[in-house]
Amino acid sequence: MAKYRIAWLPGDGVGVDVLDAAKIVLDRIGLDADYVHGDIGWDFWCSEGDALPPRTVDLLKNVDAALFGAITSKPMKEAAAELAPALRDKGLTYRSPIVRMRQAFDLYTCLRPCKAYPGNALNFKEGIDLVVFRENTEDLYSGVEFSPVPQELADVLGRLAKPFAPFGKLAGDQYAVSCKINTKHGSERIIRAAFDFARKFGRKKVTVVHKANVVRATDGLFLEAAKRVAKEYPGIAMDDANIDAMTMWLLKNPFNYDVLVAPNLYGDVISDLCAQMVGGLGFGCSGNIGEKLAVFEPTHGSAPKYAGQHKVNPIATILAVKMMLDWLGEAEKGAALEAAVAKVIKDGTVKTYDMGGSSTTLDMGKAIAAAL
Ligand code: IPM
Ligand code: MG
């Protein structure tokens with residue numbers, strides 16, 4: 001039996017291409033692992049009415065980690081229209097499988113390191129090295145949503161919240177409600193994860209991203225949690241900023257920041273921005289990390305227009321493999337892989353289209369494998 005059992009979840013679109021490249025690299029590293037394919041993605045929504053079938057959920061209960069490519073998501077109406085005829089009008093609703101995995105397995109930390117590798121012509125500035133901690137299970141991603149809004153809910157909101165008055169006059173199909181739910185426990189543990197990381201890796205500061213000046217209840221709770229947790233880490237500075245100002249400050253003074261921590265949606269936003277500062281989504285990697293399971297993925301989506309063309313940059317996924325190696329306790333292999341990625345970037349001979357070259361996804365995988 002191999003030492004590790006890894007769920008292999010290519011998904012669809014370019015998810016398949018980038019995992020092909022990741023496999024080249026993993027084979028070269030010689031990780032002692034069995035890779036077990038899991039069905040996931042748009043095709044399974046269309047044919048089975050479930051993009052994350054129960055058999056894949058079961059698989060995830062029995063693995064050490066998972067590597068995930070990408071999945072196409074479409075808005076509610078379009079998703080319903082693409083269902084197999086026999087599945088239509090059964091009240092099935094599409095929910096993003098990655099969001100479901102995060103919640104089902106309590107993968108509460110979304111860790112997104114954004115490092116400018118030297119010599120990458122796409123770097124916004126050389127030397128950027130930011131790490132985003134995004135809360136991964138709550139907030140506006142709670143999935144508690146109403147469209148149309150039931151009268152029962154409108155009645156309660158009308159009774160309990162004065163500012164609801166203008167909305168309460170509307171018919172239920174004229175508005176929608178998405179609940180932003182943040183817990184003390186969920187906020188404290190992601191903030192603690194950010195501070196633990198800062199302590200472990202000698203980082204100087206944790207910046208808390210919120211909008212507590214307007215979204216007082218939930219973001220207020222997050223910010224208060226941060227102030228409490230920060231006291232446990234006297235050696236590490238904490239500051240905070242509103243999400244809107246944060247996007248501006250990050251571009252203006254990226255070197256003023258180090259580790260960032262945010263509720264789910266703001267974390268989603270700033271992690272794309274931070275990825276763009278270090279070369280774009282072709283370089284953005286993610287770990288969705290819980291106590292028992294972690295799912296590693298590129299931050300980018302499925303880019304259906306490039307599916308199967310082996311055109312996109314697999315570096316994001318290969319850096320996600322590096323994160324997986326670290327998480328498994330194979331830090332030496334992880335460091336070697338990162339060094340190989342850095343070398344290929346610096347060399348500048350093998351470049352995918354986003355880097356201004358014409359190398360394929362697999363060329364890049366092979367070049368990184370060769371540099372190992
Ligand atoms: C991400 C993605 C996902 C998210 C989508 C694909 C549901 O944007 O991982 O950042 O919003 O979390
Ligand atoms: Mg995103």
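**Entry 1: the ligand shell**

I started by sorting the residues around ligand 1 by class, and I got 2 nonpolar, 1 polar and 4 charged residues. I kept in mind that this is a predicted model. The surrounding residues are Ser96, Val99, Arg102, Arg112, Arg134, Tyr141 and Asp268.

For tyrosine 141 I read 2.6 Å between an N or O atom of the side chain and a ligand oxygen. Aspartate 268 places a polar side-chain atom 2.8 Å from an oxygen atom of ligand 1. I then looked up the cover: ligand 1 taken alone exposes 320 Å², and the protein buries 73% of that.

**Entry 2: the sheet**

Next I traced the strands. I found 10 of them in an open sheet with mixed pairing, ordered β2-β1-β3-β12-β11-β4-β5-β10-β8-β9. Which strands stand at the edges? They are β2 (33–37) and β9 (237–242); each has a single partner strand, so one side of each is left without a neighbour in the sheet. From one strand to the next, I get an average twist of 20°.

I took a second look at β11 (residues 285–289) and β12 (residues 294–298), which run antiparallel and are joined by 5 bridges. One pairing I wrote down is isoleucine 289 with alanine 294 in β12.

**Entry 3: a helix across the sheet**

I followed helix α12 (residues 315–328) and saw that it lies across β1 (4–11), β3 (65–70), β4 (109–115), β11 and β12. Against β12, helix α12 runs at about 160°.

A reminder to myself: most residues other than glycine have a negative phi, and most peptide bonds are trans. I looked for exceptions and kept two.

Where is the cis peptide bond that I noted? It runs from serine 147 to proline 148, with omega near 0°. Proline 148 sits in the loop between β6 (145–146) and α6 (151–160).

My other exception is aspartate 106, which has a positive phi of about 50° although it is not a glycine. I placed aspartate 106 in the loop that links α5 (97–104) and β4.

Terms used
Residues numbered from 1 in each chain as written. Chains lettered and ligands numbered in written order. Predicted model: local features only at pLDDT ≥ 70, side-chain atom pairs only at ≥ 80, totals over all residues. Heavy atoms only, no water. Pairing = 2+ DSSP bridges. Helix = DSSP H or I, 4+ residues; strand = E, 2+ residues; numbered from the N terminus. Axes fitted to C-alpha atoms, helices over the stretch in contact; angles between N-to-C directions. Contact = heavy atoms within 4.5 Å. Near = heavy atom within 4 Å. Polar contact = N/O pair within 3.5 Å; in protein donor to acceptor, adjacent residues only side chain to side chain. Areas by Shrake-Rupley, 256 points an atom, 1.4 Å probe, with all protein chains shown as cover. Nonpolar A, V, L, I, M, F, W, Y, C, P; charged D, E, K, R; others polar.
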